[in-house]
Every structure is written in structure tokens, then in C-alpha cells.
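Please read them beside the coordinates.

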Amino acid sequence: FADHCAMGAYKYLEELHKKKQSDAMRFILRMRCWEYRQLPVMHRAPRPSRPDKARRLGYKAKQGFVIYRVRVRRGGRKRPMLKGIVYGKPVHQGVKGLKFERNLRSVAEERVGRRCTNLRVLNSYWVNQDATYKYFEVILVDPHHNAIRHDPRINWIVNPVHKHRELRGLTSAGKHSRGLSNPKYRPSRFAGWKRNNTLSLRRYR
């Protein structure tokens with residue numbers, strides 16, 4: 001029974017991260033947050049801060065996989081109007097109470113994708129946050145590396161149709177804001193709109 005219930009090292013790491021209010025995790029997160037603040041906004045990480053989470057999202061410690069760490073400023077989106085004046089109807093006069101449609105993790109993926117144009121964004125995950133920033137690590141894949149092209153589990157991302165998938169809402173974080181849980185927005189919002197607004201008069205009725 002003991003052998004059957006034994007947990008591996010990654011499972012221990014996963015359980016540790018589930019208890020973020022424990023003394024150990026609070027200390028680790030506080031120290032790491034201080035370190036991340038001293039680093040550039042976007043930089044390549046030598047290895048994932050959360051190897052268990054990275055592996056669950058598809059990361060492998062081999063050639064062709066890259067980890068980038070990026071920080072994104074927290075908070076909503078203020079409408080960029082001069083002196084807060086909106087020249088329009090009252091319904092559109094909000095300036096401060098607005099929220100950006102996509103989540104901050106999707107924004108982090110987008111910024112890394114624009115910087116690393118020769119790589120493909122696979123996925124991302126939260127690593128830390130403080131009062132001002134949220135920190136994410138983004139998993140990228142080199143589609144030109146033979147170690148990736150010859151691996152049948154990941155070489156789907158080599159296909160040109162996956163270029164800049166983070167800019168088109170195809171990553172996990174990007175799909176959250178597309179409303180795909182609603183059947184009428186499948187396979188996409190535009191496809192659902194077109195299906196519901198196209199009059200089809202078949203010849204033999």
C-alpha cells in the first residue's frame with residue numbers, strides 16, 4: 001500500500017505550490033519576487049522556476065525548448081483619452097473603470113512572442129506577483145531545431161499555421177477571453193455569428 005501511494009518529486013512540488021500561505025512558500029515567493037524585480041522586464045530564464053508546472057504544460061529539458069520570464073503591470077485598463085475627455089455619447093464616457101478583454105497571462109505571452117519572433121509560444125504559467133506586477137514564465141519552442149522537428153509529440157508546432165498563435169487567441173490563456181465555452185461561439189465568434197446571420201434557402205424544401 002505504501003508503494004502504491006508513494007509520490008514522485010514533481011508531485012511534492014505541486015502539493016507545495018498549492019499551499020502558498022505556508023511559511024516555506026511565503027518565504028520562497030518573497031525572495032524570488034525580490035530577485036525578479038532586479039532583473040529586466042523580459043529575460044530568458046536558465047530553467048523553469050516551477051519545473052512540475054512547466055512539464056505539465058509540455059516543457060521538456062532538452063534542446064529546442066526555451067523559458068522566458070516576463071512581468072506585466074497589474075490593474076485594469078485606463079482609456080487613453082486626453083485629459084479624460086471622451087467626445088461621444090455618455091454611454092462611452094467611462095475612463096477608469098474599464099477592464100482589458102484579455103487576461104494578463106495572455107498579454108505576457110504576446111509580449112514575449114513579439115520579442116522572440118523566431119520561436120513559437122507553447123504555453124505559460126504564473127510564478128509570482130507583488131502589488132505592482134505579475135510575473136509569468138512563457139514556454140517557447142524553436143521550430144527550426146532538429147530535436148523539435150524529429151519529435152512526434154511536439155513537431156505539430158512546426159507547421160506554419162501555428163506562427164504567432166499567441167496573437168490569435170490559440171494558446172490556453174488566449175482562449176479564455178474568446179467565450180468558447182458557449183456553443184454558439186464555436187468554432188469561433190465570427191463563425192458563430194456568420195452561421196446565425198446567414199439565410200439558407202435550400203432548393204428542395
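How many nonpolar, polar and charged residues does the lining of the largest pocket have?

1. The model is predicted. In the lining of its largest pocket, the classes are evenly represented by count: three nonpolar, three polar and three charged residues. The residues in question are Lys20, Gln21, Arg26, Leu29, Arg30, Cys33, Trp126, Asn128 and Gln129.

2. The space in the largest pocket comes to about 200 Å³. Helix 3 (23–38) and strand 3 are the elements that each supply two or more residues to the lining of this pocket. Helix 3 has the largest share, with four residues.

3. One cavity of 30 Å³ or more is present in the structure, and the volume of the largest cavity is about 30 Å³. Its lining consists of Tyr36, Pro40, Val41, His43, Arg69, Val70, Arg71 and Tyr135.

4. For the largest cavity, the lining takes three residues from strand 2, which contributes the most. By class, five of the lining residues are nonpolar, one is polar and two are charged.

5. Buried positions in helix 5 are Arg105, Ser106, Val107, Ala108, Glu109, Glu110, Val112 and Gly113. The packing partners of these buried residues are strand 1 (42–45), strand 2 (65–73), strand 3 (120–129), strand 4 (133–141) and helix 7 (172–175).

Technical notes. Residues are numbered from 1 along each chain as its sequence is written. This is a predicted model: local features need pLDDT of at least 70, side-chain atom pairs count only at pLDDT 80 or more; totals for chains, interfaces and linings use all residues. Side-chain values use heavy atoms; hydrogens and water are left out. Buried means under 20% relative accessible area, exposed over 50%, partly exposed in between (1.4 Å probe, protein chains only). Contact means heavy atoms within 4.5 Å. On a 1 Å grid over the protein atoms alone, a cavity is a set of points where a 1.4 Å probe fits but cannot get out, and a pocket is an open set with protein on both sides within 12 Å along at least five of seven lines; lining residues have an atom within 4 Å of a point. Grid points are joined across faces, edges and corners, and a volume is the space filled by probe spheres set on the points. Ala, Val, Leu, Ile, Met, Phe, Trp, Tyr, Cys and Pro count as nonpolar, Asp, Glu, Lys and Arg as charged, and the others, Gly among them, as polar.
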